[in-house]
Amino acid sequence: MALRSSAPEFSRVTWCSAAAVAGLVAGFLLTGQPAHAAPPAIVLASEDPADPLAPFGDRLKHGLSPGVAASLQSTSSGPGVLAAVLTDRSRIAFAQRDGLAAFRSLNESARSGLEIYGDVPACALAVVRRDSPVRSHADLIAARRQAETVTFDVGGAEGWTATTLAILRSLDVALAHPRLEHRGGARAVSRVLAGETDVMVVMAYGATLDPALTDALHTGALEPAPFFNAHLVKLASLHGLPYSAGRVEIPGPGLLRTTRHETICTTLGVVVNAGADRAVSETIARLTVNGGLSRTPRQWLDNALATATNVLGQAITEAKRVATAVTEPGLVWLARWTADPASQPAAPEMRPASNLLKD
């Protein structure tokens, strides 16, 4: 009889277990969410208006929501954030691949302990005033030979711009000659305009530039200098450094004018701890793959303005062509009409109509 009584008990346990599993599956299907929510993340970001990366903190925070609850923690951007991410799984930060490679070479644990996602172009841009005596790489070489003082402002001493220039200075003796200053932002722009500093170096992240610098470039008071040439890119490649040739869109003097400045570039991404929650890492990877770091809330307006500018430029060109085709014959006739009578060809002899019958 004991054997007969065990069957119903076994059946009840089996059905209860099946019901529990079915409930979990149904709950998952209805909500469409994983069994656990992504833990909160701490975004290490700079709030210094002189830092080229300052706009990216809010961009990343809003890009992660609603999947990941993120909060901002103000910090100086630069290789220092890498150590903070390496020791805390909840922290994420921005990093340049050239600086990350240098950090990994000095910290073996960082080679497998840090991951980076994203490839926003990070290009070195040097600007000088319009009448600067130092305007080219050849000028830097000449200044070095003649022991003339040249000053470069590279922003914060521990920032990404200073890190990139330190690497490039190890490759090129001409770049190693200048004395460095560490103001950055509008202060550096002002000093270059006043002639107190020769060159301002900044990292251009995608289309992001300091408004003070953009205005000075737009008026023509400052202009880009070709210090980071193709030869430097080749040297970097020989040393296995993560650099490549790239272009930066530079506003120029005049209405709706931009130029493409060729320079050396690395890339910017988001660094996470290799042991971070999978949902956080996956959300960051998807955000960067979809271009979320490059886009801003004004992106649609920027695209619309770019399209309108292109259409307007084509319309103006076509209008000029049509106007030239229509008015050129008239202008030639007018020029002949107003020229010196002595230089005009003789007019044909006009004969009275009454004499035509006698011919």
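Leaving aside its neighbours within four places in sequence, which residues is Asp51 in contact with?

## Asp51 and its surroundings

Asp51 touches Ser46 and Ser77, once neighbours within four places in sequence are left aside; contact means heavy atoms within 4.5 Å. Asp51 sits in the loop between β1 and α2 (56-64). Helices (H or I, at least four residues) and strands (E, at least two) are DSSP runs, numbered from the N terminus. Asp51 counts as buried because its relative accessibility is 14%, where buried means under 20% relative accessible area, exposed over 50% and partly exposed in between (1.4 Å probe, protein chains only). From Asp51 to Gly156 there are 105 residues in sequence and 8.2 Å in space, C-alpha to C-alpha.

## The model and the chain

This is a predicted model, in which local features need pLDDT of at least 70 and side-chain atom pairs count only at pLDDT 80 or more, while totals for chains, interfaces and linings use all residues. Residues are numbered from 1 along each chain as its sequence is written, and side-chain values use heavy atoms, with hydrogens and water left out.

The chain has 13 helices and ten strands. Of its 359 residues, 35% count as buried. Among contacts between residues at least 6 apart in sequence, 76% join residues at least 24 apart.

Strand β3 (residues 91-96) is mostly covered, with five of its six residues buried. Two strands pair if DSSP finds at least two bridges between them. With strand β1 (residues 41-45), β3 pairs in the parallel sense over three bridges, and Ile42 stands opposite Arg91 in β3. With strand β10 (residues 258-273), β3 runs antiparallel, joined by five bridges. Phe94 stands opposite Val270 in β10, and Ala93 has Val271 as its bridge partner there.

Strand β10 also pairs in the antiparallel sense with strand β4 (residues 114-129), over eight bridges. Val271 in β10 is the bridge partner of Ile116. Strand β9 (residues 244-251) is another antiparallel partner of β10, again over eight bridges; here Arg247 stands opposite Glu262.

In helix α6 (residues 137-145), His137, Leu140 and Ala143 are buried. Seen down the axis of α6, the buried residues fall within an arc of 120°, so they line one face of the helix; the arc is that of the directions from the helix axis to the C-beta atoms. The cover over these buried residues includes β5 and α8 (173-176). Just after α6, Ala147 has a positive phi of about 55°.

Thr151 belongs to strand β5 (residues 151-153). Its relative accessible area is 4%, so Thr151 is buried. Beyond its neighbours within four places in sequence, Thr151 is in contact with Arg179, Glu181, Glu196, Thr197, Asp198 and Val199.

## The cavity

A search of the whole structure finds one cavity of 30 Å³ or more. On a 1 Å grid over the protein atoms alone, a cavity is a set of points where a 1.4 Å probe fits but cannot get out, and lining residues have an atom within 4 Å of a point. The largest cavity holds about 50 Å³ of space, a volume being the space filled by probe spheres set on the grid points.

Its lining consists of Leu44, Ala45, Ser46, Leu53, Ser77, Gly78, Val81, Phe94 and Trp160. These divide into six nonpolar, three polar and no charged residues. Ala, Val, Leu, Ile, Met, Phe, Trp, Tyr, Cys and Pro count as nonpolar, Asp, Glu, Lys and Arg as charged, and the others, Gly among them, as polar.

Terms used
On a 1 Å grid over the protein atoms alone, a cavity is a set of points where a 1.4 Å probe fits but cannot get out, and a pocket is an open set with protein on both sides within 12 Å along at least five of seven lines; lining residues have an atom within 4 Å of a point.
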